[in-house]
Amino acid sequence: MSDHPSRGSITAVILAGGKARRMGGQDKGLVELAGQPLIEHVIARIAPQVNQILINANRNTEQYARYGHPVVSDTLSDFQGPLAGFLAAMQQVESDFIVTLPCDGPCLPADLVNRLYHAQQAAGAEIAVAHDGNRMQPVYALISTRLQPSLEEFLAAGERKIDWWYRKHNTVTADFSDIPDTFLNINTLEERDRFREAGQPG
Ligand SMILES: Nc1nc2c(ncn2[C@@H]2O[C@H](COP(=O)(O)OP(=O)(O)OP(=O)(O)O)[C@@H](O)[C@H]2O)c(=O)[nH]1
Ligand SMILES: [Mg+2]
């Protein structure tokens with residue numbers, strides 16, 4: 001992994017902690033695409049962009065550990081959504097920021113971290129979220145780890161919606177409208193098979 005001495009430290013957090021109901025409850029990160037588990041595609045694309053990777057998973061943690069990156073499970077029980085994964089990561093890391101991304105998006109931008117970081121720096125923001133031109137992509141975000149107490153409080157109050165939490169903070173969007181296809185995510189086996197036939201977009 002390359003070094004980025006000019007930036008504050010950033011840990012990438014690959015979110016693989018969901019239930020994958022649309023995939024019949026399989027462990028989505030381990031579902032195969034083009035001969036490799038989905039998470040391997042994601043690791044390959046994010047590794048050159050950061051110094052540290054964390055995998056957030058709630059099942060099959062030994063299998064995820066094989067990739068040589070720390071694996072953390074949600075500290076809140078019962079699959080309470082991606083924010084629970086953000087929190088588990090923040091509780092674990094010592095970096096200034098986390099960059100979150102899902103395990104089911106194998107085509108993620110090659111400059112995801114750079115664009116998020118520049119948007120954050122330009123605005124002095126607490127959070128930078130990807131925007132594909134049509135909509136926000138809320139699980140692709142750069143978040144200051146100083147927000148851990150805020151996130152703990154939000155989740156303890158029973159709130160779960162990412163967008164609502166973002167709205168409580170100085171949040172900016174980073175423009176990815178030139179490469180919207182990079183946010184394609186695979187939620188069903190049919191989508192996986194269609195993707196396979198079409199080849200990798202972008
Ligand atoms: N840590 C954690 N991550 C989650 C949780 N729920 C969803 N995610 C992650 O959030 C990202 C986007 O969620 P979805 O694509 O809807 O994944 P999912 O919830 O597993 O799938 P569905 O049940 O089919 O909606 C994925 O990377 C999931 O792994 C959760 O309860 N905890
Ligand atoms: Mg998805």
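## Annotated binding site

UniProt (unreviewed entry) puts a "binding site" feature at Leu15, Ala16, Gly17, Lys28, Asn56, Asp74 and Asp104. UniProt positions follow the numbering used here, feature names are shortened, and annotations may be inferred rather than shown by experiment. The same record, again an unreviewed entry, places "domain: MobA-like NTP transferase" at residues 12-162. That span is 31% helix and 25% strand, and its end C-alpha atoms sit 18 Å apart. Helices (H or I, at least four residues) and strands (E, at least two) are DSSP runs, numbered from the N terminus.

## What you're looking at

This is a predicted model, where local features need pLDDT of at least 70 and side-chain atom pairs count only at pLDDT 80 or more, while totals for chains, interfaces and linings use all residues. Residues are numbered from 1 along each chain as its sequence is written, with chains lettered from A and ligands numbered from 1 in the order in which they are written.

## Around the ligand

Ligand 1 has 23 residues around it, and the closest are Gly17, Gly18, Arg22, Gly85 and Pro102. To count as near, a residue needs its C-beta atom, placed from the backbone, within 6 Å of the molecule.

Sorted by class, the shell has nine nonpolar, eight polar and six charged residues. Here Ala, Val, Leu, Ile, Met, Phe, Trp, Tyr, Cys and Pro are nonpolar, Asp, Glu, Lys and Arg are charged, and the others, Gly among them, are polar.

Gly17 sits in the loop between β1 and β2 (32-33). Gly17 is buried because 26 other C-beta atoms lie within 10 Å (buried takes 20 or more other C-beta atoms within 10 Å of a residue's own, exposed 12 or fewer, partly exposed in between, with C-beta atoms placed from the backbone). Skipping residues up to four places away in sequence, Gly17 touches Asn56, Ala57, Asn58, Asp74 and Gly85; contact means C-beta atoms, placed from the backbone, within 7 Å.

Asn56 belongs to strand β4 (residues 52-57) and is buried too, with 28 other C-beta atoms within 10 Å.

## Asp104

Asp104 lies in the loop between β6 (97-102) and α4 (112-123). It counts as buried, with 26 C-beta neighbours inside 10 Å. Leaving out neighbours within four places in sequence, Asp104 is in contact with Lys28, Leu38, Asn185, Ile186 and Asn187.

Key:
Contact = placed C-beta atoms within 7 Å.
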